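Have the sequence and the 3D view open side by side while you read. We'll go from the rings to a helix, and then on to the sheets.

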Amino acid sequence: MEDRYSLQEASTNPWIISAPFFQGLPEAVVEVALTNLVTRTHPANQVILLENDWGGSVYFIVDGWVKIRTYNLEGKEVTLNIIGRGELFGEMAALDEVPRSTDVITLTPTVIGSMPSQDFVKLLQTEPLAGVRLAQLMARRLRQVNRRLRLRESDSQSRVADTLLFLAEGQGKRGQTGETKIPNLPHRELSSLSGLARETVTRVLTRLEKKGLIKRDQDTISIPDVSALERMIV
């Protein structure tokens, strides 16, 4: 399914207003940048980008979740990130004009908007705040990666707790009673993010739930008190 945004739709769409990259940018600038934005709906487990592909677009997640993955020297899949609504990907290839460095796969039914790379680069060249927003995004992702690397030698409870907090920081949603909600992803994805065996992740999640630090249902994991979960990291 494919849709092309009109200028009016682009400027009034709540997703555009809420996307961190576009916050604070002049409305007229956003309208021009999104003139050629095309949205498509993808099923779960569909490959959007492949490593080493050449690409001509930057992608914005309108709804849903995707994972960014690569492979280590042994050929084992490594999940680098999981991102959702309001995030963007594919910007590095647009900036340095080299092949894609990772794979991107949908985890859920996902709506993705694709912007031609030349439109994205032109936006950065003409609107300084867009460059600032992109720098902020890349700085946040680098901090997250550094934190995860530091915790690689920590105990399993700390690593699972940090993975949940990592997802909450990037895509957590406030519930009606103040809890932070994140998607209840398959344990294999949490395993890849944390660098732990899937069975270990399952045991730790059960332990955290018994302690009241998380609550789970079919679709979401709720964190009643983020600071309490942070204190579990040693």
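## Aromatic rings

Rings of Phe, Tyr and Trp (its six-membered ring) pair here if their centres lie within 6.5 Å; planes under 30 degrees apart count as stacked, over 60 as edge-to-face and the rest as tilted. A word on the source: this is a predicted model, where local features need pLDDT of at least 70 and side-chain atom pairs count only at pLDDT 80 or more, while totals for chains, interfaces and linings use all residues. Residues are numbered from 1 along each chain as its sequence is written, and side-chain values use heavy atoms, with hydrogens and water left out.

With that ring rule, the count is five aromatic pairs. Take Phe-21 and Phe-22: their ring centres are 5.2 Å apart and the planes sit at 80°, so this pair is edge-to-face. Phe-21 also pairs with Phe-60, this time tilted, at 6.0 Å centre to centre and 50° between the planes. That pair links distant parts of the chain, 39 residues apart: Phe-21 is in the loop between α2 (14–18) and α3 (27–33), and Phe-60 is in strand β4 (residues 57–63). Helices (H or I, at least four residues) and strands (E, at least two) are DSSP runs, numbered from the N terminus.

Which residues make up the aromatic cluster? Phe-21, Phe-22, Phe-60 and Phe-120 form one cluster. As for burial, buried means under 20% relative accessible area, exposed over 50%, and partly exposed in between (1.4 Å probe, protein chains only). Phe-21 counts as buried because its relative accessibility is 4%, and Phe-60 counts as buried at 0%. Phe-22 is buried too.

## Helix α5

Phe-120 turns up again in helix α5 (residues 117–126), whose buried residues are Ser-117, Asp-119, Phe-120, Leu-123 and Leu-124. Looking down the α5 axis, they fall within an arc of 165°, so they line one face of the helix; the arc is that of the directions from the helix axis to the C-beta atoms. In general, an α-helix has 3.6 residues a turn, so residues three or four places apart point the same way.

And the other side? The face of α5 turned away from the buried side carries the exposed residues Gln-118, Lys-122, Gln-125 and Thr-126. The buried residues of α5 pack against α3, β4, α4 (91–96), β9 (110–116) and α6 (128–150), with contact meaning heavy atoms within 4.5 Å.

## The sheet with β5 and β8

An open sheet of four strands runs in the order β3-β8-β5-β6, with antiparallel pairing. Its edge strands are β3 (47–49) and β6 (77–84), each pairing on one side only. Strands count as paired if DSSP finds at least two bridges between them. Neighbours in this sheet are turned by 30° against each other on average, direction ignored; axes are lines fitted to C-alpha atoms, for helices over the stretch in contact, and angles run from 0 to 180 degrees between N-to-C directions.

Four bridges join β5 (residues 65–71) to the antiparallel β8 (residues 103–106), and Val-66 has Thr-106 as its bridge partner in β8. Helix α7 (residues 156–171) packs on this sheet, touching β5 and β6, and its direction makes about 35° with that of β6.

## The sheet with β11 and β13

A further open sheet of four strands has the order β10-β11-β13-β12, again with antiparallel pairing. β10 and β12 are the edges, each with a single partner strand, so one side of each has no neighbour in the sheet. Four bridges join β11 (residues 180–183) to β13 (residues 220–223), while two join β12 (residues 215–216) to β13.

A hairpin through three residues joins β12 to β13. Helix α7 comes back here, lying across β10, β11 and β13 and running at about 100° to β11.

## What the record says

Over residues 21–141 the chain is 31% helix and 36% strand; over residues 154–227 it is 53% helix and 16% strand.
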